[in-house]
Amino acid sequence: LFAASSDTWLLVFDNAASAKEVQPWRPLVGHVDIVATSTNAVAWSGWRAHGVPHLARTDSIALLEMRMGVSAPSADWRRKASQLSADLDDWPLTLDLACAYLSASGRGIEFAPQYVSLLMSKIIDEEVLMPEGYKTHSTLLRAVVVALEGLESRAKSSPGPGSRRHGVASATMETMAYLPGRSAHANLAVTAAVDLLDEELQDDPDAVVDAVAFALAEFSLASRRMDAQSRSLQSTFRVNEVVLHVVRARHSVRRRAEVLRSVIESAYGHVTRAIDERARADAELVAPSATSALRWLLESGYASMYGTLLAGNLAVLWSALNQPEISLEYFELELHVLNTLGQHAPVLRAKIHAAIASNLATLERPTPEILDAVSKCVLMLDQWPVDDAESDRTAVLYQLETVLNLLRRNPREDPSHRTLIDVAYSALASIHR
């Protein structure tokens, strides 16, 4: 793409950890400028560095005016806004969270001193709660915690629709902590939140997502992206990664396990529906969130039957959508989940290896690589329990035969591989017997 273009391209990497993380994406040819933002100032040897300071005070005040809807501020209002900006170190996210809280109080900028006092009253373990690069941003951390606690407080207020809306929104912040911050599948996150609360989604799903989006926006914790002609079922939430880090850091080991269980089960349900409906748009929207949940599950070391099923369903989904390369990644991830959870499962592994062999053949990968998947499948077929799922076993055998026939009929096949193919046929024949 870059080599064939005479245009100058700009690649932007937001919040990158280091030059090493960006390096694989740097094109070797073409006219390309690269900008990377980072909170790690020492990991960019060889790059031209530009320090990004706090907002200028005039810009901080302008942000407060815009977020609080003040079109013609008085001199007194601007003085108080300037003091608030100074108290919050002129950090944009901190100011944005402050605006949401002050607006929710109904008193606006007049409540600013009490808000700052509330922030300063928080005794917080910054080393635990804040991500690397933000350890010195104490006002930001306090503002995030106050916003989360404000949402939780609304959820515990007097019974009613508003309280329930804020309760689901608070739980949604927990479930989104394990989804992509820039594109968390809204319906998946909300469905998982309802399950986390041990409730049932009795209302119209679109209406529930709308209510949650309103509650989260009220505290400036998340924004929603939705195409004009799209349904809420196809919308996504965007949350700042710092906020998500704080939410995760506040989770106990037990709570993280509970949240991940709900997220994984919700993801499994959404992916299953996409498979049944062969809905490519839904699949492409839900896949990143489902994958994110899986990776958090693995990183946390939790055993989950739904985790294994989810990985497999994602693989099947992309196979159905004629995307063998993507499907292959998910079949390999499913194997990784099985290995991580210590599950032998010869029947399931045989199906996975057969699918991997089929995808590799479709992608015309090297014959030894394809035959390696075939041999692993044969090994699992040899351990297949007697009289268990015979129709599935027959389907796997047919899939392997199809792959081997494809290799045998390939006129460009390396003659040295013919013997290997014949050996694979013999092994398959012994399984038939």
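I started with helix α10 (residues 205-218): at 1.5 Å a residue its 14 residues should span 20 Å, and the end C-alpha atoms agree, being 20 Å apart. The expected span is 1.5 Å times one less than the number of residues. Helices (H or I, at least four residues) and strands (E, at least two) are DSSP runs, numbered from the N terminus.

A note on the source: this is a predicted model, where local features need pLDDT of at least 70, side-chain atom pairs count only at pLDDT 80 or more, and totals for chains, interfaces and linings use all residues. Residues are numbered from 1 along each chain as its sequence is written, and side-chain values use heavy atoms, leaving out hydrogens and water.

Which residues of α10 are buried? I found V208, V209, V212, A213, A215 and L216 (buried: under 20% relative accessible area, 1.4 Å probe, protein chains only). Seen down the axis of α10, they fall within an arc of 165° (from the directions of the C-beta atoms off the helix axis), so they line one face. S220 follows α10 and has a positive phi, near 55°.

Next I looked up the open sheet, whose three strands run in the order β3-β5-β4 with antiparallel pairing (at least two DSSP bridges between two strands). β3 (184-185) and β4 (223-225) are at the edges with a single partner strand each, so one side of each has no neighbour in the sheet. β3 pairs with β5 (residues 236-238) over two bridges, and A184 stands opposite F237.

Last, I checked L10 in strand β1 (residues 8-13). L10 is exposed (over 50%), at 54% relative accessible area.
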